[in-house]
Amino acid sequence: MSSTKKEVIRLEREAVIPVLKPRIIMHLTNLIEHHTDRTEFLKLCKRVEYTIRAWYLLQFEDLMQLYSLFDPVHGSQRLEQQSLSEQEIDVLEQNFLTYMFRVMEKSNFKICSNEEIDIAQSGKYLLNLPIKVDESKIDKNLLKRYFEEHHHDDLPDFADKYVIFRRGIGIDKTTDYFIMEKLDMIISRLWAGIMRITRLGKLFSKKSNVRIKNDPKKDDDVTKEELPEDLVVERVRIENLDISLRNLASKITIQEPTFDRIIVVYRRASTKKGEKERGIHVKHFKNIPMADMELVLPEKKNPSLTPMDWVKFLISAVVGLVAVVGSVETPQADFWVMFAVLSTVVGYCAKIYLTFQANMVAYQNLITQSMYDKQLDSGKGTLLHLCDDVIQQEVKEVILCFFILMEQGKATLQDLDVRCEELIEEEFDAKCNFDVHDAVHKLEKMGIVARDSIGRYYCVGLKRANEIIGTTTEEHILRTAQEHGGS
């Protein structure tokens, strides 16, 4: 079973380094020739991490202290103990959002734009029901105030109610028979053929053409030569496969790009008059298929038949009624013709209803899976994940940048950026948009990298770098613990 149409999605390559820190450190250490330099390099890696952790410690403590006031479970009790005015609470919650958005940015999370969401939802994967948010259950003031004071480009339409952050791209594959989906697609193609023959399809053609034209990141003929820095992933859908009655019973594999990590931030609307809701929900998901992004939406409405389904019901009923009346009025009415027409109409209506019921079962299963398998954490646990992500990412950037300067000598900022990306690709078979500015800034702050008279960056020797950073508090604690037998 082959694909009739190749559908690809182009996404901007991200700055996150998709390689674990221990692997980077051990591999780079093994590339160093002399044993004494290896020892010094390992020591430097530890001191770099301890130093970066110390830099962020106070910021992360402030973040966690602020969130404790807006924790949906216990936050209201803590706010009562503080005896704060409404204005003071408003200031504190905006401070919390400022800290959190800063950590999101440092952890390479990006706010999903309208364009990205349109591309993601332009296809179907495992979720085949239209999912909508019950906006009456979501607060519309918290995020609106934040974005009024903190400008962000290309915000989605729902940014005043909830924000979806995404990071990382993956692939999800599912192999199954997909009997109902195949039948639905075959019937849809037959329906499209009827619409084309009767020329009713022209009513919808203009709207469809505009949608495709305004979708610049989705192109069937995209090649890596056109945009070498972009990440290109393929979407394999049932709608684009060659399916016939002969191969209806065979298994097929569909494929959908995923957002490796998604974080949703929102506040519920107040349910009690005169009492303002202060809890802020932060939910963390993993490996969410782009076409099934609706799974992470907050406060979802229960799915129901779409207006299009009801239109199909009515059209089928009218067509069946007209056909039966026309058959009865003929001089020689054929019972079997009327029976065939009625059977077709009833069968089509039953198909719509049974498809909806099957989709409801699939939806419930996906919701259960998203709760137990896809949801990583929420609230404080998510913030702790983010804080650690920031540290891990920045440690990797600094170590890679220092290693390049140590092994390959002086370099301009642009050359250093290219060399770091080449190292990641050649040694770890991974690609990323390396954030060289942040790495160099931290190395300069530590005092182990400087610029010469013509602006090229260079690093000090390994031993000198360890002397400049000095013995860290963590090393003193470890040494004391070892001297006292680990007690």
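## Strand pairing

Two strands pair if DSSP finds at least two bridges between them. This model is predicted. In it, strand 5 spans residues 252-266 and strand 6 spans residues 281-289. The two pair in the antiparallel sense over 8 bridges. Within that pairing, I262 stands opposite F285 in strand 6. T258 stands opposite P289, also in strand 6.

Strand 6 also pairs with strand 7. Here too the sense is antiparallel, over 3 bridges. K283 stands opposite S378 in strand 7.

## Helix 1 against helix 2

Two packed helices are described by the angle between their axes and the distance between the axes. Helix 1 covers residues 21-31, and helix 2 covers residues 35-70. They pack at an angle of about 155°. Their axes are 9 Å apart. That angle makes helix 1 roughly antiparallel to helix 2, because it is over 145 degrees. The crossing of the two is right-handed.

From helix 1, the contact uses K21, I25, M26, L28, T29 and N30. They meet R38, F41, L42, C45 and E49 in helix 2. By class, this contact has 6 nonpolar, 2 polar and 3 charged residues.

## Helix 1 against helix 12

Helix 1 also packs against helix 12, which covers residues 413-428. The angle is about 90°, and the axes are 12 Å apart. Helix 1 and helix 12 are therefore roughly perpendicular to each other. Helix 1 contributes R23, I24, H27, L28 and L31 to the contact. Helix 12 contributes L423, E427 and F428. The residues divide into 5 nonpolar, 1 polar and 2 charged.

## Helix 2 against helix 4

How are helix 2 and helix 4 oriented to each other? They pack at an angle of about 135°, with axes 9 Å apart. Helix 2 and helix 4 are therefore oblique to each other. Helix 2 passes helix 4 in a left-handed crossing.

On the helix 2 side, the contact is made by Y56, Q59, F60, D62, L63, L66, Y67, L69 and F70. Their partners in helix 4 are I89, L92, E93, N95, F96, Y99, M100, V103 and K106. The residues of this contact divide into 13 nonpolar, 2 polar and 3 charged.

## Aromatic pairs

A pair of aromatic rings is described by the distance of the centres and the angle of the planes. How many aromatic pairs does a search of the whole structure find? The count is 9. One of them is F101 with F147. This pair is edge-to-face, at 5.8 Å centre to centre and 80° between the planes.

F101 lies in helix 4 (residues 86-106), and F147 lies in helix 6 (residues 142-149). The pair therefore ties together parts that are 46 residues apart in sequence.

Terms used: Residues are numbered from 1 along each chain as its sequence is written. This is a predicted model: local features need pLDDT of at least 70, side-chain atom pairs count only at pLDDT 80 or more; totals for chains, interfaces and linings use all residues. Side-chain values use heavy atoms; hydrogens and water are left out. Axes are lines fitted to C-alpha atoms, for helices over the stretch in contact, and angles run from 0 to 180 degrees between N-to-C directions. Helices (H or I, at least four residues) and strands (E, at least two) are DSSP runs, numbered from the N terminus. Angles under 35 degrees count as roughly parallel, over 145 as roughly antiparallel, 65 to 115 as roughly perpendicular and the rest as oblique. A crossing is left-handed if the near helix is turned anticlockwise from the far one by less than a right angle, and right-handed if clockwise. Contact means heavy atoms within 4.5 Å. Ala, Val, Leu, Ile, Met, Phe, Trp, Tyr, Cys and Pro count as nonpolar, Asp, Glu, Lys and Arg as charged, and the others, Gly among them, as polar. Rings of Phe, Tyr and Trp (its six-membered ring) pair if their centres lie within 6.5 Å; planes under 30 degrees apart count as stacked, over 60 as edge-to-face and the rest as tilted.
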